[in-house]
Amino acid sequence: MSKQFSYRMILGAVFFTIVAVFFIFSALMMHSFGIPAESAMDDAIITGAQEETGANNAVTSVVFDFRGFDTLGEATILFTAVAGVLVLFRRLKK
Amino acid sequence: MSILDTFVAHAPALIVAIPLLGAFLVQLVGRLHEKAKVVFALLTILLTNCFLYLLTYDVFTNGIRTYIFGNADLTLPVVRILFEVDAMSIYMALISTTLILVAFIFSWVYMKDNTGLDKFYTLMLLLTAGMLGMVFTGDIFNFFVFLEITGISSAALVAFWVHKAEAVEAGFKYILISAIGALFVLFAIALLYGQYDALNIAVLAQSIQFTFLDKIALVILLVSLAMKAGLFPMHMWLPDSYSRAPAPVTIGLVAATLASFYGVLRVIFSLYGGIYSGTDLALLSTLTSTKFMGSLLIGLALLAILVGVIMALRQTDLKRLIAFAAVAEIGYMFLGIGTWMAAKTVHVDPDGIATAISILPYGNLALQGGIFHLFNDAFDIGLLFLVAGVIFFVTKERSLDNLSGLARHMKATTIFFIIGLCAVAGLPPLNGFASKLLLYESTFQLNPILGIVAIVGSILLLAVFVKVFYAAFMGPDLIKTNVHKEPRSMIIAMGILAAVIIIIGLFPDLFLTHFVEPATDALLNFSSYTNAVLIGGV
Amino acid sequence: MIYNIPYLVVVGLILIGLFAVMFKRNLIKIVIGVTLIESGVNLFLITLGFRKDGVAPIFTGLPEGVNYPADMALPVPQALTLTSIVIGVAVLALMLSMIIHLYRHHNTLDVSKIRRLKE
Amino acid sequence: MSDAGMSKIVRTIASVSFPFVLIYGLYIIAHGHLTPGGGFQGGAVVASGCAMILIAYGSSWILTKTKEHHISLLEHAGALGFIGLAFLGLLLGGVFFANFIIGEPILFGSAPALGSTLADINTGGVLPLMNFAVGLKVIAGLFSIILVMAYASGHKEGIQ
């Protein structure tokens, strides 16, 4: 246990406490569970899902249509991870 | 509608989609021929650049352009993802694509002895797509997705030389930092979503009330994005990953760091722009918090400058030294934002009643300086990293103790290093001087000490690099005899950056009026950013 | 206030994860901490989308008498959570691969013994 | 460990239950636009089935049956299919990610009646196609991650 290490521990503990206090406060100040404060966007999606996308499953309609570009990004992330893992375990000699 | 108009209309989507498509294809193309993947990756970036130049012309003449995915009509409430491209996004995208183009040219010879090159180019293209997505998107969750793409691909690239323990360690640090940072960004997004049921930045910006939860979300967003941008107390990952990655990847990382910095700008000026960029009297109650945040950013920025420079003085590893100089440069950029925030003032009439809020002129000057410096930092630090890469490639040495007399063998590299040195230190004929002068002037007006610290930082940077110059380029010849000339592709790559540095150094006014000022105005013009979405500006 | 217990659970999960990341010295435990934070954030997103007495936002075989959209859970947080889970898997895979390499290089998982990059 | 495979009992149970896992996963993918599920979820189910086979038989055995780059090819096919559908939306529907099939008299083209309906697979436009593309991508992607990591934990030299 070097001196620098304990110094870091104290700083970390202070930081952690601050984060904890703020997070607990924010949890207490959220709107009540089960009663969304605002739902205009989601209501529009639920009503529009069948007509606009032809899907009975509103979640799928969000995933692939309303927010399709996010899903492209998500598939890209999986692709990135596969490429990354393959890079890390590649053969190093030609 | 002519074919060119069609291209411009779809350019925002295509600029992100083309590198993605290229990334999906490059491994298949790479099976054809050894060099095919490099050529293909270069062509992809060039095509992206073509669309970007078209879009640049359009945005700088016609203003903000939006692109809605999946449906051409904008319906309220905004349910679909949309891209919102303003001058600031274009400014960032130009920097990123140019740096990536240079990195690809540089990697032609630099990476030729490595295996797994097809995946290297895949990851580089994904990194490009991620950065471009980050700067173009107008949707905050989409921003998070692209932040993750950028983070994951760059972490894998940092660890590209897996046979070196330090590279893997740096990669692990990077992915840990970026994963935690991104998760906290997501938490903040969820806080905002839970209150306003919106994910579009413009819609959120319009409806934000600055409640306690909004403040927490703001703090989380700023801290995690500043961490990814390498601001002072959270910069520890930056020298590790910058110095251990292959040189072309380091260039990409510089651009990725700046994309995170762009996130900070977007959060302050667009997402919370109603509070921070507004000058309504109704904002009087938030003025204290604005000024406090400004002072906090100034303090951290000054510490970043000093710590970066002092740590750079102590380094013997060339790339690590440049990385600490990069920490200092990032400090200058944050100094610009901080000064802008602190430069708000209240006008009081004789009865002591506040009549108006305004931003002092030097505030805008400081912001311009910061944004100008963003560009200069990318190119100067990028050039220096390339020089370090060439030295590493030729001599296989990274420690300054073992380098000497390089100027005898590598004339071109020496010249490029001198250009980079002068630009980073902010010497008059080059671009670093123009932006730093703006920062000195404006910060000096806020508080003389700030200006003095900024100047001292620059002088120390000069000292650092002069020391490097004497250690590495001057002095007796190397004992090693296997020093050969630098390959031509590397000279071209460095030449592009040096040419940009010199041209902008010679004509800073033109660049300032045609690029920096529109970008700054786009950031400051909060209502046009929100109105482009809310009052259908398709 | 009593209805905010789900949010407190979320915050608890995130804090446990953060604690593990900040104070544990075993690499695997640090990664477990990251996944805990991620689960906390995912849970937070899902709790935001819940509507009291709501049904899943799926029209196939929807029971009689459900008036939508007022009685349906919000679909967007579920889609966001899906995205976030996949991102979590990707990050986890890459982290574990790097840990395998670090273990090969150093023969230990202790952070304090691995750290070579200092200053 | 992961390389040697496991006992005969485990192998037999794994190979008997694998087809059921496969069919269940494919069902989830195919009905993604109608019932809970979709490309990611179904793909994860199938990939976990593949992981079960991998654990039962060992990564070396798998690598004698198939090569890693074949799986990688499948993943590319999935990714290209997905982004290709998005580009087709640009060409045929006028916008990137346009749902260009819905309303056309082709497969998946019809729109469902509003409100509570029975499951009709012939709806959803590009959604089922995207589900398939993403499903393929997730199966191949997750399986190649697991395969490479399992192989790497037993062997020093890299794969491919």
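Chain D has a mean pLDDT of 86, and 96% of its residues reach 70 or more; pLDDT is the predictor's confidence in each residue, from 0 to 100. Among the elements of chain D, the lowest mean pLDDT (84) belongs to helix H3 (residues 59-65) of chain D, and the highest (93) to helix H1 (residues 8-30) of chain D. Helices (H or I, at least four residues) and strands (E, at least two) are DSSP runs, numbered from the N terminus. The model scores ipTM 0.94 and pTM 0.94.

This is a predicted model, in which local features need pLDDT of at least 70 and side-chain atom pairs count only at pLDDT 80 or more, while totals for chains, interfaces and linings use all residues. Residues are numbered from 1 along each chain as its sequence is written, and chains are lettered from A and ligands numbered from 1 in the order in which they are written.

**Chains A and B**

Chain A contains four helices and zero strands, and its pattern along the sequence is α-α-α-α. Its radius of gyration is 23 Å, whereas a compact globule of 94 residues would have one near 12 Å. That radius is taken over C-alpha atoms, and the globule rule is 2.2 Å times the number of residues to the power 0.38. Chain B comprises 20 helices and four strands. With a radius of gyration of 23 Å, close to the 24 Å that the globule rule gives for 538 residues, chain B is as compact as a globular protein of that length.

A residue is buried if 20 or more other C-beta atoms lie within 10 Å of its own, exposed if 12 or fewer, and partly exposed in between, with C-beta atoms placed from the backbone.

| Chain | C-alpha extent along the principal axes | Buried residues |
|---|---|---|
| Chain A | roughly 65 × 60 × 15 Å | 53% of the 94 residues |
| Chain B | about 80 × 55 × 40 Å | 64% of the 538 residues |

Two residues are in contact if their C-beta atoms, placed from the backbone, lie within 7 Å. Among contacts in chain B between residues at least 6 apart in sequence, 80% join residues at least 24 apart.

**Interfaces with chain C**

The contact between chains A and C draws 40 residues from chain A and 40 residues from chain C. On the side of chain A that touches chain C, at least two residues each come from helix H1 (3-29), helix H2 (40-53), helix H3 (58-66) and helix H4 (68-88) of chain A. H4(A) gives the largest share of that side, ten residues. By class, the side of chain A that touches chain C has 24 nonpolar, eleven polar and five charged residues. Here Ala, Val, Leu, Ile, Met, Phe, Trp, Tyr, Cys and Pro count as nonpolar, Asp, Glu, Lys and Arg as charged, and the others, Gly among them, as polar.

The contact between chains B and C takes 27 residues from chain B and 26 residues from chain C. Helix H5 (140-158) and helix H6 (165-196) of chain B are the elements that give two or more residues to the side of chain B that touches chain C. The largest share of this side, 17 residues, is supplied by H6(B). Its classes are 21 nonpolar, two polar and four charged residues.

**Nonpolar core**

A nonpolar core is a set of buried Ala, Val, Leu, Ile, Met, Phe, Trp, Tyr and Cys residues joined through C-beta atoms within 7 Å. The largest such core has 350 residues, and those with the most contacts inside it are B:Ile175, B:Ala255, B:Ala325, B:Leu383, B:Leu386, C:Ala90 and C:Leu94. H6(B) contributes the largest share of this core, 23 residues. Not counting residues up to four places away in sequence, C:Leu94 touches A:Ala81, A:Gly84, A:Val85, B:Ile152, B:Ala155, B:Ala156 and B:Ile175.

**Local features of chain B**

Strand S3 (residues 344-348) of chain B pairs with S4(B) in the antiparallel sense over five bridges; two strands pair if DSSP finds at least two bridges between them. B:His347 stands opposite B:Ala356 in S4(B). Five residues lie between the strands of this hairpin, in which B:Gly352 takes a positive phi near 85°. Strand S4 (residues 354-359) of chain B lies largely in the open, because the number buried among its six residues is zero.

B:Phe469 lies in helix H17 (residues 448-473) of chain B. B:Phe469 is partly exposed, with 16 other C-beta atoms within 10 Å. Not counting residues up to four places away in sequence, B:Phe469 touches B:Phe417, B:Leu421 and B:Met474.
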